[in-house]
Amino acid sequence: MAATITVAIPVYKRLTYVAQAIRSVAAQDYPAIELIVSDNGCNGDAVLNLVRANYPRPFIFRQNPVSVPIVPHFNQLLAAASGNYFVLLSDDDELAPGYLSTMVAALEAHPDAAAAISRVEVLDEQNRVVGSTADRPLPPSVMSGPDWIARWGRNEHKFVCFTTNLARAAELRAVGGYPNFDGGNGVDNALLVALSIDRSIVYCHRAIFRHRIYDTSFGKSVSVTSLARASRQFLAFLDQHPKLRAYARQYPQEWAACRAAITRVIWTTYYGRWRQLYRGREHYLAWLKAGFALPFIPAYYRRVLPEIVYSLPAVGAFARRRLAAR
């Protein structure tokens with residue numbers, strides 16, 4: 001008898017792609033799926049009607065009487081799951097056909113692994129594939145937790161995101177579930193780190209998770225203040241989570257390398273958005289202030305300070321004149 005996989009779809013106010021997300025679960029060939037759709041946006045019957053119209057199998061629908069923050073909502077779904085395995089699927093993302101059967105087969109072939117991750121295709125608002133995890137070099141099919149973290153830190157395989165993966169529900173609960181970072185930024189990454197640091201990760205090239213990115217999607221709509229706060233919380237999480245502290249005591253050198261790699265992911269993510277996304281969105285002084293929102297990380301401030309200097313009107317004009325004169 002097949003182990004049950006809980007696929008949990010948290011919904012807030014955006015309903016544009018909910019039907020597509022649900023249909024992608026309905027199209028899976030895996031025989032034992034527990035679908036939980038949770039309305040956290042006080043949408044009346046709209047979400048329930050979408051599930052009824054697009055999912056022909058039995059399902060579970062839950063609805064919060066008032067909206068709760070995003071991370072408590074995720075953890076509500078994890079607590080409600082009765083499946084052996086757990087998959088969180090955002091309401092605007094999709095699973096490619098065969099995703100669940102491929103992922104569970106891979107994880108069951110490696111019972112010591114903590115989770116399975118897959119290829120990621122990036123979709124735009126018109127359902128066009130506009131990016132993906134790098135095909136070459138492919139990650140190994142099995143990586144130790146520290147090896148996966150090192151590869152992630154080097155951006156060796158262009159991992160797009162880890163929002164959706166497959167793990168055992170009981171083990172997700174045992175490490176504390178999703179950590180409560182501001183706005184939910186980075187919580188999927190942090191949970192996967194805690195889950196796998198002393199275990200291994202299975203990579204399934206044949207399974208595809210389709211992640212949608214557009215101007216009003218979660219990653220692009222978050223404020224710089226929220227992203228900065230969540231980045232600081234992620235850095236603190238690395239020193240405070242009980243499992244990571246235990247690993248650091250037992251393997252100090254290995255943990256130092258892992259911590260450095262994760263720190264690099266955190267600051268490069270923040271820096272890239274601060275430099276590009278928020279520069280045109282924030283008032284100039286607010287943007288300058290946001291540049292100093294992270295703790296002292298030398299590599300980060302070596303990037304930020306020149307950017308700030310050359311953004312000053314007088315300095316920028318002088319630099320442009322010098323370049324033009326060459």
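# Strand pairing around strand 10

Student: Which residue in strand 10 is the bridge partner of Glu94?

Tutor: Arg210. Bear in mind that this is a predicted model.

Student: Where does strand 10 run, and how many of its residues are buried?

Tutor: Strand 10 spans residues 200-212. Of its 13 residues, 10 are buried, so read "buried" as under 20% relative accessible area. The strand is mostly covered.

Student: What about strand 6? How many bridges join it to strand 10?

Tutor: 10 bridges, and the two run parallel. Strand 6 takes in residues 113-123.

Student: Switching topic. How do strand 2 and strand 3 pair?

Tutor: In the parallel sense, over 4 bridges. Strand 2 is residues 33-39 and strand 3 is residues 60-63.

Student: What does the chain pass through between them, and what is the hand of the crossover?

Tutor: Helix 2, residues 46-54. This β-α-β crossover is right-handed.

Student: Which residue of strand 3 partners Ile36?

Tutor: Ile60 is the bridge partner.

Student: Where do side chains point along a regular strand?

Tutor: They alternate between the two faces of the sheet.

Technical notes:
Residues numbered from 1 in each chain as written. Predicted model: local features only at pLDDT ≥ 70, side-chain atom pairs only at ≥ 80, totals over all residues. Heavy atoms only, no water. Pairing = 2+ DSSP bridges. Right-handed = clockwise from strand over helix to strand, strands pointing away. Buried < 20%, exposed > 50% of the residue type's maximum accessible area, 1.4 Å probe, protein only.
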